[in-house]
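Me: Hi! I'd like a close look at one part of this model, with the cut-offs behind any terms you use.

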Amino acid sequence: MKIEKNTVVSLRYKLTDAQNNIIEEPDSPMVYLHGGYEGTFPKIETLLDGQDVGYEASIQLEPNEAFGEYDPELLKIEPRARFPEPLEVGMQFEGVPDAEEEELDPSDADDEPLIYTVTDVADSQVVLDGNHPLAGMALRFWVQVEDIRAATDEEIENRHPEGAEAFAFGMPDDSDDEDDEILGGITDAGSSSPTLH
């Protein structure tokens, strides 16, 4: 079977930066629904279209083909009192930037919340970065097709493979944290890592 729209693909991959420093090399394959369902990057889907089990290749994605350019406007400084203790660099929170302004403009109400990563903690302030940790970076993927099968009707309707985990390239896995705390418009992202594509 070849990779085509509505096939479920198991893909081994290694992710490195442009200098070949390894960012991620998981033990288990990534499983996604092929055909524009945002299960992986479009450039990788194009590369894999029509390929067989065993196919392997390397491809470089520029920032605009991966996690976007780094946006300095996504840096925020917030009062430390709004956050739980202990607070550490690397913790992540979910929130909508400038939530107060959005309440005034209903057209923005459906904006997706961003995941903010704590990048610095001072006595009274916290620096948050809403950029993906790999934003602004050219990335290199080595991929190898491990398995291909036809998707079920339910998988096509749900737009993802049955039982497949969301893959968040380069994002820390906080899946053991079950608490979601709401802190004045910022929610602890804990167990809800977004699918990034």
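Reply: Happy to! The bridge partner of Leu-15 in strand 2 is Glu-24. A word on the ground rules: this is a predicted model, in which local features need pLDDT of at least 70, side-chain atom pairs count only at pLDDT 80 or more, and totals for chains, interfaces and linings use all residues. Residues are numbered from 1 along each chain as its sequence is written, and side-chain values use heavy atoms, with hydrogens and water left out.

Strand 1 covers residues 7–17. Strands here are DSSP runs of E with at least two residues, helices are runs of H or I with at least four, and both are numbered from the N terminus. Buried means under 20% relative accessible area, exposed means over 50%, and partly exposed lies in between (1.4 Å probe, protein chains only).

Now for the partners; two strands pair if DSSP finds at least two bridges between them. Strand 9 (residues 139–150) runs antiparallel to strand 1 and is joined to it by 11 bridges. Within that pairing, Arg-12 has Gln-144 as its bridge partner. Strand 3 (residues 30–33) also runs antiparallel to strand 1, with 4 bridges between them, and here Met-30 stands opposite Leu-11. Strand 2 (residues 22–24) is joined to strand 1 by 2 bridges, again in the antiparallel sense; your Leu-15 and Glu-24 pair belongs to this contact.

Strand 1 and strand 2 form a hairpin with 4 residues between the strands. Asn-20 sits in that loop, and its phi is near 65°, a positive value in a residue other than glycine. That is worth a glance because most residues other than glycine have a negative phi, and most peptide bonds are trans.

Pro-86 lies in the loop between strand 5 (75–79) and strand 6 (92–95).
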